[in-house]
Amino acid sequence: MGKKAVRLYFKTILTIASLIVLGLSFYATYADKTAPASNLSIHYISLLFPFLTLFNFVLFLYWILRKKISAIIPLAGLILNSSYIFSTLGLNFNNSESEKRAISTVTYNVNYFSQGEMSHLPEIASAVLKYNPDLVCLQEVQPHPLFSLDEIKREFGDLPYSHIHTGDHNEIGMALFSKFPIIRVKKIKFEESGNGFMWADLLFEKDTIRILNIHLQTTGLSHINGGNAKHLLKSLGDNFIKRADQAKFIRNLIDTTLYPVILCGDFNDIPQSYAYKTIVGSNLTDSFDEAGLGPGGTYRNTLGLIRIDYIIHSSHFKANKYKRDQSKFSDHCAIFSELEYQN
């Protein structure tokens with residue numbers, strides 16, 4: 001086979017690959033509109049968003065450098081992937097100081113404050129408190145031989161009002177710390193799951209604000225050691241369906257809530273997911289979209305390409321600041337947002 005034939009063969013293979021990736025990119029754009037129970041395949045493909053975007057970008061550069069019309073194929077793919085790109089790469093340069101009353105908020109999946117036999121409780125508390133938060137929502141909070149619940153409260157002593165729910169061995173714990181009085185609080189465990197959420201009503205000056213601290217169904221990837229592809233796909237599929245049902249439950253609570261809402265937590269799903277879109281709906285705003293700047297990935301095991309932790313709010317607030325903390329004491333990043341109260 002001559003050099004010309006090899007080049008033609010290579011170009012044909014790349015063109016076919018570009019078309020396949022374009023098709024997958026198009027298909028994945030419907031994931032947020034499609035209930036997992038009706039079509040799981042589209043949600044499996046949506047997991048590939050980072051790779052589809054990267055592949056489209058590399059192919060686009062390749063064809064552009066060679067001045068080939070084929071560049072239009074990965075360009076179309078990048079346009080289809082634009083929702084993922086802008087949901088992970090913030091472009092807000094207008095962060096400003098609040099001119100009104102504001103609530104500084106931090107959410108953090110703390111991974112039980114430990115890695116193996118090493119406790120990171122003091123370091124995590126320090127990383128969180130450096131933002132001088134008014135409100136802190138934590139996920140994966142459990143008792144540990146290295147520290148007690150009293151020690152957790154003491155580390156977050158700058159926030160005098162708190163509620164910690166550790167659950168049992170079948171339930172993942174959560175915590176809320178606040179500078180504002182807690183009027184009422186309740187922890188709810190999702191059916192057939194160790195995950196759940198906590199809601200609390202806070203007295204913010206003379207107003208009542210509802211806080212939702214959420215931990216949706218875990219993907220299960222980190223708990224699968226070996227096994228075959230069929231077992232992996234079943235686990236992923238079951239958890240897609242569970243997150244969708246959990247999201248509907250949360251959405252119903254939001255729809256029946258009369259108070260301003262701040263919703264924090266680990267969704268275990270990206271902004272292009274059905275669960276995320278169900279919760280956000282048409283009347284909540286992602287603080288990253290308003291004030292995020294630069295890479296926004298929050299799950300550290302994916303090189304910062306996946307954003308699954310959120311601070312979301314009703315129209316009663318406006319995000320003036322957003323920051324992803326780079327501390328490495330958990331498999332998640334803490335995120336901070338200053339929410340200006342509009343009432």
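Colleague: What makes strand 5 mostly covered?

Modeller: Strand 5 spans residues 135-139, and five of its five residues are buried. Buried means under 20% relative accessible area, with exposed over 50% and partly exposed in between, using a 1.4 Å probe and protein chains only. Both faces are covered: L135, C137 and Q139 are buried on one side, V136 and L138 on the other. In a regular strand, side chains alternate between the two faces of the sheet.

Colleague: What sort of model is this, and how are the residues numbered?

Modeller: It is a predicted model: local features need pLDDT of at least 70, side-chain atom pairs count only at pLDDT 80 or more, and totals for chains, interfaces and linings use all residues. Residues are numbered from 1 along each chain as its sequence is written, and side-chain values use heavy atoms, leaving out hydrogens and water.

Colleague: How do you know that strand 5 pairs with strand 2 and with strand 7?

Modeller: Strands are DSSP runs of E with at least two residues, and helices are runs of H or I with at least four, numbered from the N terminus. Two strands pair if DSSP finds at least two bridges between them. Five bridges join strand 5 to strand 2 (residues 102-109), running parallel. Five bridges also join strand 5 to strand 7 (residues 174-178), running antiparallel. Both therefore meet the rule of at least two bridges.

Colleague: Which residues stand opposite C137?

Modeller: T107 stands opposite C137 on one strand, and L176 in strand 7 is opposite C137 too. The bridge partner of T105 is L135 in strand 5.

Colleague: Why are strand 6 and strand 15 called edge strands?

Modeller: The open sheet of six strands has the order 6-7-5-2-16-15, with mixed pairing. Strand 6 (161-165) and strand 15 (317-324) each have a single partner strand, so one side of each has no neighbour in the sheet. Neighbouring strands here are turned by 15° against each other on average, direction ignored.

Colleague: Why is I311 called buried?

Modeller: I311 is in strand 14. Its relative accessibility is 0%, so I311 counts as buried. Beyond its neighbours within four places in sequence, I311 contacts residues including T105, T107, L263 and F336.

Colleague: Is G297 buried or exposed, and why?

Modeller: G297 counts as buried because its relative accessibility is 0%. G297 lies in the loop between strand 13 (293-295) and strand 14. Leaving aside neighbours within four places in sequence, G297 contacts T88, G304, I306, R307, R324 and C333. G297 and S87 are 210 residues apart along the chain, yet their C-alpha atoms are separated by 9.2 Å.

Colleague: Where do helix 3 and helix 4 meet?

Modeller: The axes of helix 3 (residues 49-65) and helix 4 (residues 72-80) come within 8 Å and cross at roughly 150°. The contact is made by T53, N56, F57, L59, F60 and W63 of helix 3 and P74, L75, G77 and L78 of helix 4.

Colleague: Which residues of helix 3 are buried, and what covers them?

Modeller: F49, P50, L52, T53, N56, L59 and W63 are buried. Their cover includes helix 1 (3-28), helix 2 (41-46), helix 4 and helix 5 (82-88).

Methods: Axes fitted to C-alpha atoms, helices over the stretch in contact; angles between N-to-C directions. Contact = heavy atoms within 4.5 Å.
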